[in-house]
Amino acid sequence: MPELPEVETTRRGILPHLLNAKLDGAVVRHAGLRWPVPPELHATLRGLTIRSVDRRAKYLLLGTDAGTLIIHLGMSGSLRFLPADTPPEKHDHVDLLLGPNVLRYRDPRRFGAVLWHVGAIEHHPLLQALGPEPLSDDFDGDTLIRAAQRRGSAVKLMLMDNHVVVGVGNIYANEALFHAGIHPARAANTVRDGEYRRLAEEIRSVLNRAIQAGGSTLRDFVHSDGKPGYFQQTYMVYGRQDQPCRQCGTPIRHLRQGQRSSYYCPLCQPC
C-alpha cells in the first residue's frame with residue numbers, strides 16, 4: 001500500500017505538470033472505486049485551473065477556485081502523466097484531461113478514490129478528524145506523550161492511529177521504532193517521555209529519508225514517472241524476519257499486531 005512517502009513522492013512528481021494547468025475535463029472509465037467517482041466529474045472540472053497540489057495524510061488534493069479534487073491511491077493506485085493519445089490499459093480508470101496530456105489514475109484493486117469537494121477542504125468528512133502531519137511543526141514528542149497517557153494498547157498500534165498522527169503506516173512505524181529502540185508490542189503508557197521525544201525525531205527522520213529515496217516499491221507502487229522507489233533497500237527490520245540485525249547481528253523476529261506484520265530486533269528493542 002502506498003504510504004506517506006510514496007504519496008508525497010507522487011505529489012512532487014505531478015506538481016510541475018499540474019500547477020496552474022487548465023483542465024479540459026475528465027474521462028471516467030470505471031466509476032466503481034472505494035467510493036463512486038462523481039458522475040458529473042467531466043463537466044465539473046472542465047475549464048478549471050489547478051491552483052495547488054497538496055497532500056493531507058495519504059490524500060492528494062488538487063485545489064481549484066471552485067473546489068478540490070481529492071485523490072487517494074488506496075492499496076495499489078498510481079498516477080502517471082502521459083501523452084493524451086496513450087492507449088488506456090485494463091486498470092486505468094480515470095484520466096484528467098490537460099490539453100495534449102493526461103494525468104492517468106490506475107488502480108488494479110479499486111480501493112482508491114477520486115472525489116470532488118466544494119468548500120474548506122479541512123471540513124471534508126475524510127479529513128476533518130485527522131491528526132497532525134508528522135513532518136509539520138504541529139508534531140513532536142509531546143504529541144505522542146499526550147496520546148499515550150491513557151493507552152494500554154501497543155505503541156505501534158498507537159502510531160498507526162490517524163487520530164494521533166497521520167501517515168505513519170506499517171513499514172515506517174516498524175523502522176522508526178527500531179531506530180528509537182522501542183519494542184512494537186510495548187504498552188504505549190509505559191514508554192517514557194524521553195523515549196517518545198526520540199521516537200518523534202526518528203519518525204520524522206525515517207519519513208524524510210524515504211521521501212528522498214523515492215519511497216518503497218511494494219506490489220504495484222511506482223512513481224508518477226513509472227520508476228520504482230528504493231527505500232526498501234535500507235530497511236533495518238521490515239520484511240527481514242530471521243535475517244541478522246544490521247546493528248547487532250541478532251535474528252529479526254516477527255509478530256502480528258492488528259492483522260499487520262511487525263518486525264523487531266529482540267536485543268536492540270527489548271520489551
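**View A. Thr-190 is partly exposed, with a relative accessibility of 41%.** Here "buried" stands for under 20% relative accessible area, "exposed" for over 50%, and "partly exposed" for anything in between, using a 1.4 Å probe and protein chains only. Thr-190 sits in the loop that links α5 (170-180) to α6 (193-212). Helices (H or I, at least four residues) and strands (E, at least two) are DSSP runs numbered from the N terminus. Now look for Pro-83: it is 107 residues from Thr-190 along the chain, and their C-alpha atoms are 54 Å apart. Keep in mind that this is a predicted model, where local features need pLDDT of at least 70 and side-chain atom pairs count only at pLDDT 80 or more, while totals for chains, interfaces and linings use all residues. Residues are numbered from 1 along each chain as its sequence is written, and side-chain values use heavy atoms, with hydrogens and water left out.

**View B. Zoom out for a moment to the whole protein chain.** You can count six helices and 10 strands in it. Its C-alpha atoms fill a box of roughly 60 × 35 × 30 Å along the principal axes. Of the 271 residues, 52% are buried. Among contacts with a separation of 6 or more, 64% join residues 24 or more positions apart, where contact means heavy atoms within 4.5 Å.

**View C. Helix α3 (residues 141-148) is largely enclosed by the rest of the structure, because six of its eight residues are buried.** The buried ones are Gly-141, Thr-143, Leu-144, Ile-145, Ala-147 and Ala-148. What do they pack against? The partners are α4 (155-159) and α6.

**View D. Helix α5 is mostly covered, with 10 of its 11 residues buried.** Asn-170, Tyr-172, Glu-175 and Phe-178 are among the buried residues. The cover over the buried residues of α5 includes α1 (4-18), α4, α6 and β10 (260-264). Just after α5, check out Gly-181: it takes a positive phi of about 70°.

View E. Buried or exposed? Gly-167 counts as buried, at 2% relative accessibility. Leaving out residues up to four places away in sequence, Gly-167 touches Leu-4, Lys-58, Asn-162 and Leu-207. Pro-5 is 162 residues from Gly-167 along the chain, yet their C-alpha atoms are separated by 8.4 Å.

**View F. Thr-68 belongs to strand β4 (residues 68-72).** With a relative accessible area of 11%, Thr-68 is buried. Who are its contacts, once neighbours within four places in sequence are set aside? They are Leu-61, Leu-62, Gly-63, Leu-115, Trp-116, His-117 and Ile-121.

**View G. UniProt's unreviewed entry lists His-91, Arg-109 and Arg-151 under "binding site".** They span 61 residues in sequence and the farthest two C-alpha atoms are 41.5 Å apart, so they do not all gather at one spot. UniProt positions are given in the numbering used here, feature names are shortened, and annotations may be inferred rather than shown by experiment. His-91 lies in the loop between β5 (78-83) and β6 (92-98), and is partly exposed at 27% relative accessibility. Not counting residues up to four places away in sequence, His-91 touches Tyr-105, Arg-106, Asp-107 and Pro-108. Arg-109 is found in the loop between β7 (101-106) and β8 (113-117), and is partly exposed too, with a relative accessible area of 37%.

**View H. Two stretches carry domain annotations from the unreviewed UniProt entry.** The record places "Formamidopyrimidine-DNA glycosylase catalytic" at residues 2-112. That stretch is 18% helix and 34% strand, and its end C-alpha atoms are 11 Å apart. The annotation "FPG-type" covers residues 236-270. Over residues 236-270 you get 0% helix and 29% strand, with the end C-alpha atoms 16 Å apart.
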